[in-house]
Amino acid sequence: MTFQVKVRTKELFGFSMYHTYSGLMGKVWVLFSIFCLAAAVWTFGNVSIQGTAALVVLGMLFTVINPLMLYGKCRKRAAKTPSYKDPFTYTFNRKGFIISQGEESVQANWMELFQIVATKKAIYLCIDPIH
């Protein structure tokens with residue numbers, strides 16, 4: 001099976017969001033944000049406006065601010081990385097897969113993969129815990 005993939009900002013952002021929020025710390029950050037927003041609502045009027053504002057900012061840190069920052073980084077990376085300008089060709093067979101672009105190619109066996117992750121919009125072939 002062979003197909004082509006064009007890596008755009010959308011795909012980079014999806015990977016960054018998955019990588020950032022799928023692990024334990026990502027879940028802790030989201031829970032922290034929910035707790036801060038709930039505390040802001042719960043304590044509204046009982047604490048200073050600065051205290052409520054601080055709780056709202058902390059609550060938005062991992063649910064709004066960080067994703068916006070990630071999107072900005074992905075947009076810059078997609079625009080500045082030469083390898084993202086042309087599509088990648090993926091060829092899969094029983095032994096493994098080949099990723100090629102232009103005249104360059106990389107081959108790997110299925111056993112060399114660290115992890116395969118399927119999300120609603122993508123499949124990630126992870127060669128180590130970070131890549």
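**Working through the model**

Modeller: Helices here are DSSP runs of H or I with at least four residues, strands are runs of E with at least two, and both are numbered from the N terminus. This is a predicted model, where local features need pLDDT of at least 70, side-chain atom pairs count only at pLDDT 80 or more, and totals for chains, interfaces and linings use all residues. Residues are numbered from 1 along each chain as its sequence is written, and side-chain values use heavy atoms, with hydrogens and water left out.

Biologist: Is N66 buried or exposed?

Modeller: N66 counts as buried, because its relative accessibility is 19%. Buried means under 20% relative accessible area, exposed means over 50%, and partly exposed is in between (1.4 Å probe, protein chains only).

Biologist: What does N66 touch?

Modeller: Not counting residues up to four places away in sequence, N66 touches T20, Y21 and L61. Contact means heavy atoms within 4.5 Å.

Biologist: And L61, where is that?

Modeller: L61 is in helix α3. It counts as partly exposed because its relative accessibility is 31%. Leaving aside neighbours within four places in sequence, L61 is in contact with N66 and P67.

Biologist: What about K76 and G59?

Modeller: K76 and G59 are 17 residues apart in sequence and 26 Å apart in space, C-alpha to C-alpha. K76 is found in helix α3. K76 counts as exposed because its relative accessible area is 54%.

Biologist: Changing topic. Which residues make the nonpolar surface patch?

Modeller: L37, M60, V64 and L68 make a nonpolar surface patch of about 310 Å². Patches are made of residues with over 30% relative accessible area and no salt bridge; like charges are joined within 9 Å, and nonpolar side chains (Val, Leu, Ile, Met, Phe, Trp, Tyr) within 5 Å. The areas come from the Shrake-Rupley method with a 1.4 Å probe, and for residues only the protein chains shown count as cover.

Biologist: Which helix gives the largest share of the patch?

Modeller: Helix α3 (residues 49-80) does, with three residues. L37 is found in helix α2 (residues 24-43). L37 is partly exposed, because its relative accessibility is 32%.

Biologist: Now the inside. Which residues are in the largest nonpolar core?

Modeller: That core has eleven residues: V7, L12, C74, A78, Y84, F88, Y90, F92, F97, A108 and L113. α3 and β2 (88-92) each supply at least two residues of this core, and the largest share, three residues, comes from β2. A nonpolar core is a set of buried Ala, Val, Leu, Ile, Met, Phe, Trp, Tyr and Cys residues joined through side-chain atoms within 4.5 Å.

Biologist: What does L113 touch?

Modeller: L113 touches F97, L125, C126 and I127, not counting residues up to four places away in sequence.

Biologist: How far is C74 from G14?

Modeller: The C-alpha atoms of G14 and C74 are separated by 9.4 Å, and the two are 60 residues apart along the chain. G14 lies in helix α1 (residues 9-21). G14 counts as partly exposed because its relative accessibility is 28%.

Biologist: How many salt bridges are there?

Modeller: A search of the whole structure finds one. The side chains of E11 and R8 form it, at 2.6 Å from N to O. A salt bridge is a side-chain nitrogen of Lys or Arg within 4 Å of a carboxyl oxygen of Asp or Glu.

Biologist: Last one. Where is Q101?

Modeller: Q101 is found in strand β3 (residues 96-101). Q101 counts as buried because its relative accessible area is 18%. Not counting residues up to four places away in sequence, Q101 touches S83, D86, P87 and F88.

Biologist: What does the side chain of Q101 reach?

Modeller: It reaches the backbone oxygen of D86 at 2.7 Å. A polar contact is a pair of N or O atoms within 3.5 Å; within protein, one must be able to donate a hydrogen and the other to accept it, and residues adjacent in sequence count only if both atoms are side-chain atoms.
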